[in-house]
Amino acid sequence: MVRIENEIERVLEGKLAKREIPEVKRRLTQLVVSEQFSGPMPHPKYLREYDDILPGATERILAMAERNLEHNIDMDQQVVRAEVADRTLGMYLGASLFGLLIVGAFAALFVTKTPVIPGLFLGTAAIGGVVAFIKGRNGK
């Protein structure tokens, strides 16, 4: 960076007023030095430098990035499978509970000879079904 600043000062000498040079040098240095690169891999220029310092480093970095990508894909697949299994289990348990409440209502009707207890069973089943319908698949 100091080399860049010295070169800028050398080129501007005599072309600008002495007091303006530091500000122009600061602004040009900001423009020249600010470089941005985004991604999982280093900028190709720096990747080449890694290989100059340690032969084979580029291949190792690429292999590391590929392993990381495979790991991320595997983790995403595991999350999706677990979510599907969780929702499936929830649907089976919900349907089973709904069926048990209906069976319980009929059983209570024959045991109690009064419609209050079977009505509570059926009301609970109906409310659960309506709430599940209103909330929808996402539970919102």
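**Ground rules.** I number residues from 1 along each chain as its sequence is written, and I work with heavy atoms for side-chain values, leaving out hydrogens and water. The model is predicted, and local features need pLDDT of at least 70, side-chain atom pairs count only at pLDDT 80 or more, and totals for chains, interfaces and linings use all residues.

**Fold.** I looked up the secondary structure and found 5 helices and 0 strands. Helices (H or I, at least four residues) and strands (E, at least two) are DSSP runs, numbered from the N terminus. From that end, the elements run α-α-α-α-α. The radius of gyration, taken over C-alpha atoms, is 35 Å, well over the 14 Å that the globule rule gives for 140 residues, so the protein is more spread out than a compact globule. That rule is 2.2 Å times the number of residues to the power 0.38.

**Box.** I noted that the C-alpha atoms fill roughly 110 × 45 × 15 Å along the principal axes.

**Burial.** I read that 11% of the 140 residues count as buried. Buried means under 20% relative accessible area, exposed over 50%, and partly exposed in between (1.4 Å probe, protein chains only).

**Contacts.** Among contacts (heavy atoms within 4.5 Å) between residues at least 6 apart in sequence, 19% join residues at least 24 apart.

**L120.** I found L120 in helix α5, which covers residues 116-135. L120 counts as exposed because its relative accessibility is 54%.
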